[in-house]
Amino acid sequence: MKKNSLWLTIFIITALSVSVVAGCQRKEKLSRESLTEGKPVKGGQIIYGMLEEPDKLDPYSSQMLSSANVCNLCFDGLIKVDNESRVISWLAEEVPTIANGGISEDGLTITYKLKKAIKWQDGKPLTSGDVKFTWEVIMGKHGKYTPVTTIGYDRVELVKTPDERTVIFHLKEVYAPFVNTLFQFAIFPKHLLEKSQDLNKDSFFRRPVGSGPFKIKEWKSGEYIIAEANSNYFLGRPNLDRIIIKFIPDDNTLFTQMRTGEIDVWEMVPPTMSQQAEQIKEAKLYKTTAVNYENYAFNHSNPILSDKRVRKALWYGTDIKTILEKLYPDSDPSIAVTDQYPKSWAYNKNLKPYPYDPQKAKKLLEKAGWKDVDGDGIREKNGKKLTLTISAPSGKKDREQKEEILQEQWRKIGVDLKIKNYDSLTLFGSFEEGGILTTGKYDVAIFAWIAGVDPDDSSLWSIDQIPSKENPSGQNSYFYRNPKIDRLCKEAVKTMNQEKRKKYYWRIQEILYEDAVTIFERYWVDLNSATLKLHQFKPNPTNQGHMWNVYEWWKEK
Amino acid sequence: MGFYLKRRLLQTIPLLLIIAILCFILIHQTPGGPLSVYTFGRKIAPRDIERIKDSLGLNKPLYWQFFYWLRQVVFYGDLGYSYVTWQPVSKLIWERLPNTVILMFSALFLSILFAFPIGIFSALKKYSLFDYVATTFSFIGYSIPIFWLGLMAQLVFSVKLGLLPSGGVRTPGLPFNLLDRIKYLVLPSFVLALTFIASWSRYMRASLLGKLRENYVITARAKGLSEVAILFKHVLRNALIPVVTIVGLQLPLIFSGAVITETIFAWPGIGRLLFHALLRRDYPLIQGILLISSLVVILSNLLADIAYAYINPRIRYE
């Protein structure tokens, strides 16, 4: 009897678990048509599931990308960057160029003209004075304020507002990325903020009043933000009545809530869950080429890797195609060859990925003096083995697998690769905090950078950007030294003429490619899942965020 | 009792000070810092870094930072401002703490509600079908990781049955509604409670079995007392003593279990707040949360001690 009851319990448990597993069987996929057409329906609400809660709704001082995204609800910039990575005019009538007279011939005067009849959510008109005020806030001329960066804004010498709709910036020196990157996220209301003594701590940024399509009604920390349609929006009242942003700190829970319909949009589906996301019947999985490019960075201060032939050999000896097919079979990412985004005007289309060519790699290594003398499969030079260490942030499964594949592939060309990973804060820590990258304590490292809307990457490649005691925040943790690149980077930001700039950036990309500064691997793929009922959802891979066109969104009844 | 309470409460002061110093040293010793969020992956000028450091007070020596913090806490009750959101730390904690306390105490309530009767019944009906089922389930319940259990609970109750919401504390935008709040509380509190139901019912069973063999039970039976009277008048009270000790000692475990539960069920509690503060190296917030949560744990241990005296007449705090 006693034995029987034990078996009975075991049976019950097995039966239970089998039924649970059986319940999770694959659902059949539905065919999905384009969701950008059709006549918009007014009304309804969208619940938007987000992994990371913004720290505050201030795009200029927030450290988080989610903040800039949510700020699309309540704020507007003079310009915006659309989902094709193009700079488009928003509050401004036109993006200033030399051709339309917005930029003076010498590039030192930039004029923005505001669109007509733009109002703040409290009904007051938005004027050129507010634009000037925003610049003053960022430059710390109005009480305490800690923006993440003042680059670009600090080039302005004088701001003039000849009338309500015109604002003129006089620059001290030409700064080419000016119109593409400044005033992209928000203009601040002067009448509400000018009396604030400490803007960092001002509660305004918990419940801002901006000019945007939705008014922030309620923000429950750790739970949600509720935003309601602004009927006075300058582009017309948005189609939706309400947007609720729910903060759900766990990917699996986001997936569950997407299945149960507790959320309508699941932002940032992790690549490892793309198959699961694809199975949700009522939703579409949007795949967008991201602006983040992954690379296997070389530390150029390492004597082995300072030899261009070795770097090129390693690139030829890396079968990137196979790596991507093995690790990302579903998202089908595109191979990267430069530091620019493929849709950018500055992208050099002539460059093609390095072919996988182990023979060429071996020849290059021979030429560089690395020969396998003792026949153990690893090359030597002057009695030293060709041994390198690769590092990545620990806990990322795909990168860990990648390291093992690289180990195998590089072994074939006679390179011994060791793996040493760090937690991400240690790896990416600042110079003073002893970060592994910034202090150069690595040989090869796997990480990603963001290709900006403006192609200026001088902070990555310039010699004076190498992290050191004198410049602890330098970003050139490749320790790459090439005076030619320095010169080209400097020339490229001295002109406002896009065609001229393009020539410089094409040349820079050619040099980086030819020099094998780093092995460019792939662009990430942004995955977002949204209900089939949501139309006009156009994920935006840039720092503008997916809600950039939220006023156009509409939902089927 | 009054004197004992006063003494215990006074003892918390040096204890909290030691905790504060240890926390401060530990968080500053961990690699990385609040600046890496600003510096990596962005175009940022060296003078911007200096400016940010200056506004965060990071360019002052460490001991100065600590004593400044201590002074603000002791004399003004001011826990400082978060490096990330610039909101007062006390406000951030106060927004989240009630949620964690609700979750913790409903889990505690459920654990006791289920663990004690299961344990008692298992002990009385030793080696019965019920005892086997309870034993098997408590072993399973004890060894299942919380995050997996949470996922399964969501799968069954939210996705398959559609009975309960899979995360959050309330329906956004709805005015206060007790039923709505309870609906959201069910899954996380059960998931958090399960481990404790499993282990405490085992303790209860073992303790009761031990006491049932005591001589005074035989005496009571010989006197002709009914089994019910023996159980409730004599055995149970004695058997509860070790169990209550364990419950008291494990209260901090509920607190730490809440961190995982809060993440899975999007429950905006203090655990999640701490987790994010740690990731961002938000020193003032970390320091504040650790201080407050130590206080909560110390106080709940004190509660357990008082309960102890209440159950066992031989223990009196004088």
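This is a predicted model: local features need pLDDT of at least 70, side-chain atom pairs count only at pLDDT 80 or more; totals for chains, interfaces and linings use all residues.
In one salt bridge, B:R170 pairs with A:E223, and the closest N and O atoms of the two are 2.8 Å apart. Across the boundary between chain B and chain A there are also nine residue pairs in polar contact, with both residues at pLDDT 80 or more.

On the chain B side, several helices each supply at least two of the residues that touch chain A, among them helix 5 (89–124), helix 6 (129–143) and helix 10 (227–264). If we sort the residues on that side of chain B by class, we find 33 nonpolar, 17 polar and 13 charged. In total, 63 residues of chain B are in contact with 64 residues of chain A, and the area buried between the two chains is about 5600 Å², with 58% coming from carbon and sulfur atoms.

Now let us turn to chain B itself, which is assigned a domain 1 (2–76) and a domain 2 (89–311), with C-alpha centres that lie 32 Å apart. Here 22 residues of domain 1 of chain B are in contact with 15 residues of domain 2 of chain B, and the two domains bury about 1700 Å² between them, 73% of it on carbon and sulfur atoms.

How many salt bridges are there between domain 1 of chain B and domain 2 of chain B? The count is zero, while one residue pair is in polar contact there, both residues being at pLDDT 80 or more. On the side of domain 1 of chain B that touches domain 2, helix 1 (2–29) and helix 4 (62–76) each supply at least two residues, and helix 1 of chain B gives the largest share, 13 residues.

Definitions and conventions:
Residues are numbered from 1 along each chain as its sequence is written. Chains are lettered from A and ligands numbered from 1 in the order in which they are written. Side-chain values use heavy atoms; hydrogens and water are left out. Contact means heavy atoms within 4.5 Å. Buried area is the accessible area (1.4 Å probe) that two parts lose on being put together, summed over both. A salt bridge is a side-chain nitrogen of Lys or Arg within 4 Å of a carboxyl oxygen of Asp or Glu. A polar contact is a pair of N or O atoms within 3.5 Å; within protein, one must be able to donate a hydrogen and the other to accept it, and residues adjacent in sequence count only if both atoms are side-chain atoms. Helices (H or I, at least four residues) and strands (E, at least two) are DSSP runs, numbered from the N terminus. Ala, Val, Leu, Ile, Met, Phe, Trp, Tyr, Cys and Pro count as nonpolar, Asp, Glu, Lys and Arg as charged, and the others, Gly among them, as polar. Domain bounds come from an automatic or database domain assignment.
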